[in-house]
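Biologist: I would like to learn how to read a structure like this one. Please take me through it feature by feature.

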Amino acid sequence: MEILYKIFVDPFVQMAGAPDLLIQTLWEGLVSGVLYALIALGFVLIFKASGVFNFAQGIMVVFAALTLVGLHAKGIPAFVALALTIVVMLVLAIAVERLMLRPLVNQPDIILFMATFGLTYFLIGLGELIFGGEPKVMIASELGLPKGAVEWKVFGGFVSFQKIDIAAAVIASIMVATLAVFFQKTRIGRALRAVADSHKAALSVGISLEQIWVIVWFAAGIVALATGIMWGARSDVSFALQTLALKALPVLILGGFTSIPGAIVGGVIIGVGEKLGEFYWGPLLGSGIESWLAYVIALVFLLFRPQGLFGERIIERI
Amino acid sequence: MRPPAQADIAAGEVLLAIENVSLSFGGVKAIRDVSFDIKKGEIRAIIGPNGAGKTSMLNVINGFYTPQQGRITFKGKTRAKMRPYDAASGGIARTFQNVALFRGMTALDNIMAGRTLKMHRGLFWQLIRFGPALQEEVEHRRRVEDIIDFLHIEHIRKTPVGRLPYGLQKRVELGRALAMEPDLLLLDEPMAGMNLEEKEDMSRFILDVNQYFGTTIALIEHDMGVVMDLSDRVIVLDYGQKIADGTPDQVKANKAVISAYLGVAH
């Protein structure tokens, strides 16, 4: 009886008793959700345009952030370093298309998936060789990202919002909105989806596979850079960041692998669910539930919608 | 729908010439020393028993395959190797034997995809989708709506094509090819798997495209009634070789053709 009380009643009593704390928890969840969504977005971009799960997305985040910090450490002004990093991501996209994707046209998806494993280890090696393995500090203030916190007095207590978190949420929202419209409503967006559906048909209407792949990997690189800056500003820039990519997996399952709005909604559900679960139910299970709760949430959604919340309906005429 | 821009080749002149083309895959000789031409404005049928090399021929024409020997001259230009992209931008559109559509996309988006090469605004404008890019999008959407009207598929334009019945999918695929405003339209078995009524509709569309827009058409078809009614000239392939070439009546009377189709008494 007591255990049921602790699961089904006690947490809600706590929530009602301290609404400011609840708001704070929700906000923290929202912010980490938005950041998960950013990582998931990188996956969705490449999956949508090539049907390939890009295992290297996590390391691309680290690589972009390291390049930015590394260039700045060499005495290059922050915004020039940012521009140079964007150029580096473009070069990376072109190299990936030339050296990895082009020789593998028309191969099964699993082959391409394995190739992204190879890319992961290559980028780890390259990053360590150039920038070294020790953690670095993100140049957040040099890039003009706000510091400090805003406090909001409410319900007799207060809720504090980190300004960097607000910035992260705004930037992520703009990116998601732009990409969603781009994919749905423009020529290049249509071409991207077309390539994902059928290489043969795309070629026959004159869509250039090479161009599309460069665009999509470049876009994923830019998203990786934004993710790297935001996550880097919250912790450090180190190779440990790449494990964040694993956090994107439940988000993708929940949101659907092909949906950009799905990535953001999935991210927020996972982020908020995780924080609420840890704060209110965590003590029951001896804490540490953050590491697996996301997968359980995703599993529950999967039971009811196998294609994810916003995934394309699986259509098969027999 | 406005007619496509006319190339500077007059009707009745040679648009595409195939000379001594041979294609093999390892030991399998798919096409052996075949020559023929397609004249501007005509409907040219390619027929033959299964495995005769008809689809391979279309794949050679639009650059999916590069033949080991022979020359292909399209609009007066001879090219040793033509990539599908070059073929598409040169004005060759096609449909496939087993419908190749973008299954997850709507009929409208599929046909819009056919206008990829006609739209020119760059990545920057596309990203903000405002001003010139939006204007361009609207203009091309109008053309596409014309094509949708022409093919009578208004009612399905927002439906993902994967959900459509086969006959309608074929029609959407034709729409996508028409959206490219091609000089040469290649149709690979446009009527396969259709019932009589659908075949009649499709025949009408093919004739209309040919007559009103002056589009040159090369088609592969198994239904002899359709082929004889539609086409101006017919070429017959058997085991990768050309065995006859001429008007439908000439071909029908040809002994080699009859034996290829019906077998010979031994």
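Biologist: How many residues of chain B are in contact with chain A?

Modeller: Two residues are in contact if their C-beta atoms, placed from the backbone, lie within 7 Å. By that rule, 30 residues of chain B are in contact with 25 residues of chain A. This is a predicted model, in which local features need pLDDT of at least 70 and side-chain atom pairs count only at pLDDT 80 or more, while totals for chains, interfaces and linings use all residues. Residues are numbered from 1 along each chain as its sequence is written, and chains are lettered from A and ligands numbered from 1 in the order in which they are written.

Biologist: Which elements give two or more residues to the side of chain B that touches chain A?

Modeller: Helices (H or I, at least four residues) and strands (E, at least two) are DSSP runs, numbered from the N terminus. On the side of chain B that touches chain A, the elements giving two or more residues are α2 (84-90), α3 (107-113), α4 (123-128) and α5 (132-150) of chain B. The largest share, four residues, comes from α2(B).

Biologist: How is that side of chain B made up by class?

Modeller: Ala, Val, Leu, Ile, Met, Phe, Trp, Tyr, Cys and Pro count as nonpolar, Asp, Glu, Lys and Arg as charged, and the others, Gly among them, as polar. The side of chain B that touches chain A has 16 nonpolar, seven polar and seven charged residues.

Biologist: What does the domain assignment of chain B give?

Modeller: Domain bounds come from an automatic or database domain assignment. For chain B it gives domain 1 (1-91 + 185-266) and domain 2 (96-180). The C-alpha centres of these two domains of chain B lie 25 Å apart, and 14 residues of domain 1 are in contact with 14 residues of domain 2. On the domain 1 side, α2, β7 (184-188) and α7 (196-213) of chain B each supply at least two residues. The largest share of that side, three residues, comes from α7(B).

Biologist: How should I read a sheet, and in what order do the four strands of the open sheet in chain B come?

Modeller: Strands of a sheet pair through backbone hydrogen bonds, either parallel or antiparallel. Two strands count as paired if DSSP finds at least two bridges between them. In chain B, the open sheet has the order β2-β1-β4-β5, with antiparallel pairing. Its edge strands are β2 (28-39) and β5 (77-79) of chain B, each of which pairs on one side only.

Biologist: Where do β4 and β5 of chain B meet?

Modeller: Strand β4 (residues 69-74) of chain B is joined to β5(B) by three bridges, and the two run antiparallel. Phe74(B) stands opposite Lys77(B) in β5(B).

Biologist: Is strand β8 of chain B buried or exposed?

Modeller: A residue is buried if 20 or more other C-beta atoms lie within 10 Å of its own, exposed if 12 or fewer, and partly exposed in between; C-beta atoms are placed from the backbone. Five of the five residues of β8 (residues 216-220) of chain B are buried, so this strand is largely enclosed by the rest of the structure.

Biologist: What about its two faces?

Modeller: In a regular strand the side chains alternate between the two faces of the sheet. In β8(B), Thr216(B), Ala218(B) and Ile220(B) lie on one side and Ile217(B) and Leu219(B) on the other, and all are buried.

Biologist: Which strands pair with β8(B) in the parallel sense?

Modeller: Strand β3 (residues 43-47) of chain B pairs with β8(B) in the parallel sense over four bridges. Here Arg44(B) has Ala218(B) as its bridge partner. β7(B) also runs parallel to β8(B), joined by five bridges, and Leu185(B) stands opposite Ile217(B).

Biologist: What is there to see in the hairpin of β9(B) and β10(B)?

Modeller: Strands β9 (residues 233-238) and β10 (residues 241-246) of chain B pair in the antiparallel sense over five bridges. Leu237(B) stands opposite Lys242(B) in β10(B). The hairpin has two residues between the strands, and Tyr239(B) takes a positive phi near 45°.

Biologist: Where is the place of Phe96(B)?

Modeller: Phe96(B) is in the loop between β6 (92-94) and α3 of chain B. Phe96(B) is buried, with 21 other C-beta atoms within 10 Å.
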